[in-house]
Amino acid sequence: MQPFRKHTGLVAPLDRANVDTDQIIPKQFLKSIERTGFGEFLFFDWRYRPEGGPEPSFILNQPRYQGASILVTGKNFGCGSSREHAPWALREFGFRVIIAPSFADIFANNCFKNGMLPIVVSDDQVARITGRAQYAEGYTLTVDLETKTITDDAGLSIEFSVSDFQRYCLLEGLDEIGLTLRHESDISAYEARK
Amino acid sequence: MPTLFDKLWNNHIVRQSPGEPALIYIDLHLVHEVTSPQAFAGLRQAGRKVRRPDLTVATVDHNVPTTDRSLPIADLTAATQVNTLRSNCSEFGIQFFDINSREQGIVHVIGPELGLTQPGMTIVCGDSHTSTHGAFGSLAFGIGTSEVEHVLATQCLPQTKPRAMRIECSGNLPEGVTAKDLALAIIGRIGTDGATGHVIEYTGEAVRGLSMSGRMTLCNMSIEAGAKAGMIAPDETTFEYLRGKRFAPAGGAWQEALAEWRGLKSDDDAVFDRTLEIDASKLEPFVTWGTSPGMVVPITSQVPDPTDAKTEIDRQAALRALEYMALEPRMNIQDIEIDRAFIGSCTNARLEDLRAAARVVRGYRINPGVNALVVPGSQEVKRAAEQEGLDRIFSEAGFEWRDAGCSMCLGMNADILQPGQRCASTSNRNFEGRQGRGGRTHLVSPMMAAAAAIAGHFVDVRQWEFR
């Protein structure tokens, strides 16, 4: 897994609550047996018109947000299905950080496994970042996982929390399966006890 | 002092070290075609084996056709996914219930009916509705594909302990009000993120009174409230269900298992992080009106007016949902007309669900404007229903009687809504486009879906004239 230490990138605001994984990547794209190829279908029903062609009003189709790598959005992002295709699609599209007041558990977990950082901040802070990203063209944030801070060029500084273990795995880009396999003797001992 | 969840958790700790998540042992890993191919590919790439193929069971459910099974799968990408699971299971020595096997079905339906699902177990699957299995007093939760690979390789998962929440359901559900309505009522009350980070234990008279089928429906929908898992302490109902099931313990092992299972309950003085009380005797049949399972009201009420929303976020969400659903504020739920009805899914496609729907349907014809499907949860459910003649009741009424699979719950196969179509569905999610792009889903119980298919609009099944 690619390590995550510090990331600076353009911010795209998706000002909606309860965005579910069916919206992030609709089911017709889940038939692939690969881990790649999902980025072009991200938010498919919102990004493309039913008759084909991009939907110009959708935030990610607006020229000013092209190349965004930080998504700021509403509460309970990633609710619904456990499909890891959702973070795969977001990652391939270019997102490495998602900032929201809350995330669905499975989705947040899936992000960490793919070198992506879901950050929980308060409603007010989400509103502030969303406002700035809507107002200032080219608005960027810097996310520093070592210091657990989000900063911009205009004085914003937010501390966030993340579990020590998940932070460590992201910073080092660790293979979690490899970590668990180091405890082979504990696993065997447990199996023998059962 | 410990809760049922505490007991299950403590029984499965392989390793616990300060500052790290606990390493939890997994007793049963269920696998299906959609979320597993990349996990097997990862194993192969890293040169790893499946640690416990004997604790791993696979089937195909999400993208299989529900029509003529003697034909090859017409959708080539779906066929590739099914073939990939078949070859992965063969390569890694995993028991696989293939498309034409007698045991095939929705993974959350076949686990219990084969007796694979048992009290006290930890169960995972790359599917959010794994919470279903908690109905047996197991700790069961959905995982992503990276975690599927993790479990295949190690039979363990690093996990941070969730918090415990108790939902006490007092009273008894009135006639015509089901476990599905109870689940929808709870989600309507606490919201789709109301239980995020928590494991729910359902308790109370209403829960004790539910059959295993109803308990599975209730636990199944836990994820729609954001919960990590839902569970119900096992009791005589649980044991009666499991007795004699193919993979359930037998003989002396059965007696030993019973002795152990009887201890699987929260202590009287157990402490929960949160508690919610709900009076089941006051509930009505529920119908969702929006694009999230929390957007739900009783059948006798009206579509909410967004101007009444408590917060600006809720107001915006309601406006957007009403536009998508093409509904007007304050219209009667019973005036909403439907084009399709779907009776199926891991939520409501067990034999008891089909019996309840058939009881409503018997002697009626579906409305000429409605197309309706019944998709049994498994081949076993299908055979049992046919033995009772339920298939004839549905077919004579104009329903299509299909083969087992997830079908129109998520529309990965050919069973989808057309844009603008409105469906009374016994499934679990009414998200935008869930059953097909532009499709409009209303979540209801099997009886309510059957009644709506016949009337052509939603009706209060408590007033139904059974024939």
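Visitor: Which residue stands opposite B:R15 in β2(B)?
Guide: B:L23 stands there. Helices (H or I, at least four residues) and strands (E, at least two) are DSSP runs, numbered from the N terminus.

Visitor: What sort of model is this, and how are residues and chains labelled?
Guide: This is a predicted model, in which local features need pLDDT of at least 70, side-chain atom pairs count only at pLDDT 80 or more, and totals for chains, interfaces and linings use all residues. Residues are numbered from 1 along each chain as its sequence is written, while chains are lettered from A and ligands numbered from 1 in the order in which they are written.

Visitor: What confidence does the predictor give?
Guide: Chain B has a mean pLDDT of 97, with 100% of its residues at 70 or more; pLDDT is the predictor's confidence in each residue, from 0 to 100. For the complex, the ipTM is 0.97 and the pTM is 0.98.

Visitor: Back to the strands. In what sense do β1(B) and β2(B) pair?
Guide: They pair in the antiparallel sense over 2 bridges, and β2(B) covers residues 22-25. Two strands pair if DSSP finds at least two bridges between them. B:I13 has B:I24 as its bridge partner in β2(B).

Visitor: What lies between those two strands?
Guide: The hairpin has 6 residues between the strands, and B:G19 in this hairpin takes a positive phi near 80 degrees.

Visitor: Which strands make up the sheet, and in what order?
Guide: It is an open sheet of 3 strands in chain B, ordered β1-β2-β8, with antiparallel pairing. β1 (13-15) and β8 (156-159) of chain B are at the edges with a single partner strand each, so one side of each has no neighbour in the sheet. On average, neighbouring strands are turned by 40 degrees against each other, direction ignored. Axes are lines fitted to C-alpha atoms, for helices over the stretch in contact, and angles run from 0 to 180 degrees between N-to-C directions.

Visitor: How many bridges join β2(B) and β8(B)?
Guide: There are 4, in the antiparallel sense. Across this pair, B:L23 stands opposite B:P158 of β8(B).

Visitor: What about the sheet with β9 in it?
Guide: That open sheet has 4 strands of chain B in the order β11-β10-β9-β12, paired in parallel. β11 (229-231) and β12 (274-279) of chain B are its edge strands, each pairing on one side only. Its neighbouring strands are turned by 20 degrees against each other on average, direction ignored. β9(B), residues 163-170, pairs with β12(B) in the parallel sense over 6 bridges.

Visitor: Is α5(B) mostly covered or mostly exposed?
Guide: Helix α5 of chain B (residues 145-154) is mostly covered, with 10 of its 10 residues buried. A residue is buried if 20 or more other C-beta atoms lie within 10 Å of its own, exposed if 12 or fewer, and partly exposed in between; C-beta atoms are placed from the backbone. Just after this helix, B:Q155 takes a positive phi of about 60 degrees.
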